[in-house]
Amino acid sequence: MHGHEWDATAAAGPAPGGAPERPEGHRLVPLATVLLQGDGLILHWSEDAEELLGYSAEEAVGSYAARLLTSGTDRPEVLALFEQIMAGTGWSGVFPVRHRDGHRVDLEFRTYPIAGPAGTLLLLATASDTRALHAIEADLAVLDGIFGGSPIGMAVYDTDLRYVRLNEALARMNGVPVKAHLGRRISAVLPGINTAEIEQTMRQVLKTGKPVVDARSHGRVPGDPKRDRAWSASYFRLEDSTGRVFGVCSSIIDVTERFQAEARAARAQERLATIAEATARIGTTLDLQRTAEELIEAVVPRFADFATVDLLEPVLRGAEPTTIPLDRPITLRAVAVGESYESGLTHAVDAVGEVSEYAPDRKYTQCLRSGRPLLRAHVDEAVLRSLVASEDRVAPGMAAGIHSYLMVPMTARGMVLGGAEFIRMRNPEPFGDADVALAEELVARTALAVDNARLYRRERETALTLQRSLLPQEIHRTLGLEIAYRYLPSSVTSEVGGDWFDVVPLSCGRVALVVGDVMGHGIRAAATMGQLRTVARTLATLDMPPEQVLTRLDETASGIGEGQFATCICAVYDPLERTVQVASAGHLPPVWVAPDGSARKVDIPPGVPLGVGGVAFESIEFSLPEGGMVTLYTDGLVERRGQDIDAGIDLLARTLAEPGRTLEENADAVLGALVTDGTDDDIAMIMARVLPLPADRIATLPLTGGGRLPGKARRFTRATLEGWGLSALSDYAELLVSELVTNALLHADAPRRLRLFRDRVLTVEVSDAGGQTPQLRPFAEQDEGGRGMFLVSELAQRWGSRLTRDGKVVWAELELPFGTV
């Protein structure tokens, strides 16, 4: 080549002043730098140029660029472009060049004509591989898409912890525009959250480089200034390959609901601790006032800032508590008062021993009459005015800072004794549903203790016995069955009557529901009722079927004395089979409500009243599916003068069929619909609704097929208990199962099923086709058999058997380990 064919010579070496040095570390996009003389001789060749084109600096420097980097066909175009550039116009664009190994590389060029020593004209060119640039652009587009489109909050902070970038999701979460964040620290943008802890965490990440995951923050943000929120954030340090730190990046998720759930769990644990402490504290004496004081000590200051206990005057005199009248005021006496600090609220309530009268239309009176808690989560002056006994107590109460109020009627055995009030002032949390449940539990324990103290004061031991026999002392929780009950006496001056009900827990999770009505009223009827109820409970616990329970009750009633008759209905519910076996002794039929809301009477053999004697009773069995409900009641609920009793039963069925109510609401609705003007007779009522049975509470193994059934049953038992977290019982349970299955094989010849059931205890039951119940037999040391049921009796907390329509069931119970539900 001649002329501008770049044939001039020049000393090889770096350009005057030196070319930019390649920084240490890998560069995502190599940027080649080349310095040329005016005739095209290469004076400088950077490391990135070597990486892009394959020629080393030793090979390139001193060579002509056109000869080194272009093919013969491209060279004229290159030379023309070079002349244009050296004329001073400059140029940038994409041009293909030849790699050392011969393949073409598309490079994006930037050219800069510069003046060299002695006015010589030089050309500085930079170039990047277009493919790498496009890849970086694609990566950046993806990152921008993730950053901008992510539903979680994302932010980048500099080393001074100032916002550099954040996405719209985080801006919405904070309720502050993106621009209002940039250049500011978190403490300036969100002063309502725990910024000191957050920034300390970020500084630690900057210092150590160790990421932090699930760092919790909480507080209020401008976008939701009235509600506490919580977030989970993860932080990691931003740095390049050389280790230079640019800042911190975070991803943030709103976990308010999870935070609240954890807070609720903590509060639930606190409530359990309060109940446990109160259980040990309340009722240590039979002194009525001391019992009330023990309640105050249990709740202040842990539960309330201020609390009082007031009792009805008749209760303090030792008289029977009465129904709260609809048209007369009530009088209560302060028995105990307590506060957590000097609030001045003592001037707005009765001192211990003082008496207040509440008009029949006051909220306090209505609450006592209903027996339901009165909750005012947020108290202002108008609310407080509706609560206090007199107007002069409103101002001191507001001055003391009352902001939340809860009153729980103190009821025992179905009657109201008084009320307990709980008030919060310094505690900022308003009372909620969980607090109501806790207060009801504590007040119920106190009420029972107070009533025991009242009964202890009574002069007539006979009246005390009658009072205790009217209602069950405790309704046991039954797995798979929700129970509501009501008992209303016919007299406002005495509870003595002949109606009764009972809920009797049986083996294998079953429960017996018993409702009875002794004919007549007064002490004799109540005494008969007490005897029958006790006998019925005892017979039911012996696993007798309902018709046998009634047969034995009939014998008992006949032996009490001439003219003592009673009606009774006994129903046994099996939650595993979801069946009800029921028998009647002249009692009104139960009302059954299907899951779809349809209601009807259950047709059962009516039987004759207890005490008639000599007549057999029959039972029927029907299914009660999940969501189904059955109601047992006495005639006082549905019988009215001048009205056919079937009309009352039909009204009961229509009321129960109305949808959308809880079981307790159903019970209230029934009383509201059927007991409008009082009743001349006692009323006893039990409602039971079937709940879902948890799958992890029951396990069944058919005892059929070949193989060794005892071994198969033992393996099934151990595996089941391990799955339930009850491995501590496996050894005992395996022994029980082995003995029961072996006994069925030896003496019944047809074992059918092994079932494990976990409720308050662990129940092991084996059903077979035999009709003979197992017995404990004496045995000598040399005997080879006869020890099976003796071993069962020694291992089990309780054991027994019951006959079924096609054989029998033998069962045994083991206590669950402490703390197991």
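# Close-up views of cavities, a pocket and sheets

By the grid rule given here, five cavities of 30 Å³ or more are counted. On a 1 Å grid over the protein atoms alone, a cavity is a set of points where a 1.4 Å probe fits but cannot get out, and a pocket is an open set with protein on both sides within 12 Å along at least five of seven lines; lining residues have an atom within 4 Å of a point. Grid points are joined across faces, edges and corners, and a volume is the space filled by probe spheres set on the points.

The model is predicted: local features need pLDDT of at least 70, side-chain atom pairs count only at pLDDT 80 or more, and totals for chains, interfaces and linings use all residues. Residues are numbered from 1 along each chain as its sequence is written, and side-chain values use heavy atoms, with hydrogens and water left out.

**View 1. The largest cavity.** This cavity holds about 400 Å³ of space. It is lined by 27 residues, and L36, A65, L69, V78 and F109 are the closest to its centre. Elements that each supply at least two lining residues include β1 (32–37), α3 (65–69) and β4 (104–115). Helices (H or I, at least four residues) and strands (E, at least two) are DSSP runs, numbered from the N terminus. Helix α4 gives the largest share, four residues. The lining has 25 nonpolar, two polar and no charged residues. Here Ala, Val, Leu, Ile, Met, Phe, Trp, Tyr, Cys and Pro count as nonpolar, Asp, Glu, Lys and Arg as charged, and the others, Gly among them, as polar.

**View 2. The second largest cavity.** About 250 Å³ of space lies here. Of its 22 lining residues, A348, V349, Y358, R393 and E421 lie nearest the centre. Strand β12 gives the most, with three residues. By class, the lining has 15 nonpolar, three polar and four charged residues.

**View 3. The second largest pocket.** Its volume is about 760 Å³. The lining counts 33 residues, with Q581, R802, L803, T804 and R805 nearest the centre. Among the elements giving two or more residues are α19 (546–560), β20 (566–574) and β31 (807–815). The largest share, four residues, comes from β30. The lining divides into nine nonpolar, nine polar and 15 charged residues.

**View 4. The β30–β31 hairpin.** The two strands form a hairpin with two residues between them. They pair in the antiparallel sense over seven bridges. Two strands pair if DSSP finds at least two bridges between them. W799 stands opposite A812 in β31.

**View 5. A five-stranded open sheet.** The strand order is β17-β26-β25-β22-β23, with antiparallel pairing. Strands β17 (481–488) and β23 (599–601) stand at the edges with a single partner each, so one side of each is left without a neighbour in the sheet. The twist averages 15 degrees from one strand to the next. Axes are lines fitted to C-alpha atoms, for helices over the stretch in contact, and angles run from 0 to 180 degrees between N-to-C directions. Three bridges join β22 (residues 591–593) to β23. V593 stands opposite A599 in β23.

**View 6. Helices on the sheet.** Helix α20 (residues 645–657) lies across β22, β23, β25 and β26, running at about 20 degrees to β22. Helix α21 (residues 663–674) touches β17, β25 and β26. Its direction makes about 30 degrees with that of β17. Contact means heavy atoms within 4.5 Å.
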